[in-house]
Amino acid sequence: MTFIGFLRASKLGLTNYWRNRWLSAAATLTVTLMLFTVSVFAVQSVVIYRTTEALKQKIELIIFFSDFATDDQIQALRQVLANRIDVRSVTYVSKEQAYQIFKSRPGSTQVKDLVTPENNPLPRSLEIQATDPAYLAAISQLLTASDYQPLILSKSDQDAAQRQLIQNLTDTARLSRRNGLVLSGIFFLIAVLMVFNTARIVIHAREDEIEIMRLVGSTAGFIRWPFIIEGVLYGVLGSLFATGMLWLFLANDLVTATPLASITGLLSGDMLSFFKQYLWLIIISQLLIGGLVSVAATVAAIRQRVKL
């Protein structure tokens, strides 16, 4: 097909989209709902994953050492821990560094003045980050060995709440993915069937026109392309509407009122930030998905109904 022929076919497709506007609106709406559902759960899954990974990076085990422990003993233990495959990093904090950290934290000046570089009771410590927070229990168990007990003053155990939050996020992410796949699959099937049947109805209504075009010598491409252009419009307009709906959904914090999508509302702001940061990627992805689904369903209907 020549470029001029393609332009004419495109114009005819736009005309037919408007001529069958109620059917076209129904098909476009179905594609919009499919893309909106996919987008909500996709954005939520990515944000939950990022939040979980960020929390994992912050969970650590801190070992405080007795003043009787020598620097050589502490460094030897540090090397033992660093050689473990389940340990990401081991950071040594000296008494001087502990003093600087203590001074930088908010608190009563009177209390802070009690600690000076000359009179510094703050212990040395090792800050241990595991490759996965689940390994911290095994690392902590290692430190109960008789060789290390005399050196250790205490161990921090302040990560229980963070571990519980990570577990809650992980469970929510699993539930969100399952709900998202089910709902997205349902809307996907509805969208495919809607576009397919819309194309079949339009083709059936224009059978006489198609026959006349065939008799006057129109090419197969010129006859098919107007229907394909209509399918492209379903996908393009559906993706644009879905993007607008997604923005309204997140900007108005409606995610906190949706049981299937909400995780107690804590991540709604992060989801909106993610949407703004990756707006063009979201739009392009929706255009590709919506366009491919609509065109594929339209082509299937053309193959079934248009005999050239």
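The protein chain folds into eleven helices and four strands; helices (H or I, at least four residues) and strands (E, at least two) are DSSP runs, numbered from the N terminus. This is a predicted model, in which local features need pLDDT of at least 70 and side-chain atom pairs count only at pLDDT 80 or more, while totals for chains, interfaces and linings use all residues. Residues are numbered from 1 along each chain as its sequence is written, and side-chain values use heavy atoms, with hydrogens and water left out.

The score used here, pLDDT, is the predictor's confidence in each residue, from 0 to 100. For the protein chain the mean pLDDT is 80, and 87% of the residues reach 70 or more. Over residues 260-264 pLDDT stays under 50, and the model has 14 contacts beyond four places in sequence for this stretch; a contact means heavy atoms within 4.5 Å. Where pLDDT is low, the predicted coordinates should not be read in detail.

Next comes the chain as a whole. Of its 308 residues, 40% count as buried, a word that stands for under 20% relative accessible area, with exposed meaning over 50% and partly exposed in between (1.4 Å probe, protein chains only). The accessible surface of the protein chain comes to about 17400 Å², and 63% of it belongs to carbon and sulfur atoms. These areas come from the Shrake-Rupley method with a 1.4 Å probe, and for residues only the protein chains shown count as cover. Among contacts with a separation of 6 or more, 82% are between residues 24 or more positions apart.

What lies inside? In soluble globular proteins, nonpolar side chains tend to be buried together. A nonpolar core is here a set of buried Ala, Val, Leu, Ile, Met, Phe, Trp, Tyr and Cys residues joined through side-chain atoms within 4.5 Å. The largest such core has 28 residues, of which M34, F36, V43, V195, L246 and L250 touch the most other members. At least two residues of this core come from each of helix 2 (21-58), helix 7 (160-205), helix 9 (220-251), helix 10 (268-277) and helix 11 (279-305). Helix 2 gives the largest share, eight residues. Looking at F36 in particular, and not counting residues up to four places away in sequence, this side touches A242, M245, L246 and F249. Another core, of 19 residues, lies apart from the largest one, and its members include I74, L126, I128 and I139.

T243 lies in helix 9 and counts as buried at 9% relative accessibility. Leaving aside neighbours within four places in sequence, T243 is in contact with F275, L279, I283 and Q286. Q129, in strand 3, is also buried, with a relative accessible area of 17%. Not counting residues up to four places away in sequence, Q129 touches Q57, I59, E60, V87, R88 and S89.

Charged residues come next. Side chains of opposite charge can pair when their charged atoms come close. How many salt bridges does the model contain? With a salt bridge defined as a side-chain nitrogen of Lys or Arg within 4 Å of a carboxyl oxygen of Asp or Glu, the count comes to three. K95 pairs with D67, the closest N and O atoms being 3.6 Å apart. This pair links distant parts of the chain, 28 residues apart: K95 is in helix 4 (residues 95-104), and D67 is in the loop between strand 1 (61-65) and helix 3 (71-82). D67 counts as exposed, at 56% relative accessibility. R124 forms a salt bridge with D71, with the closest N and O atoms 2.8 Å apart. Here too distant parts are linked, 53 residues apart, as R124 sits in the loop between helix 5 (109-113) and strand 3 (125-130) and D71 in helix 3. R124 is buried at 8%, whereas D71 is partly exposed at 46%. R84 pairs with D86, again with 2.8 Å between the closest N and O atoms; R84 is partly exposed at 26%, and D86 is buried at 10%.
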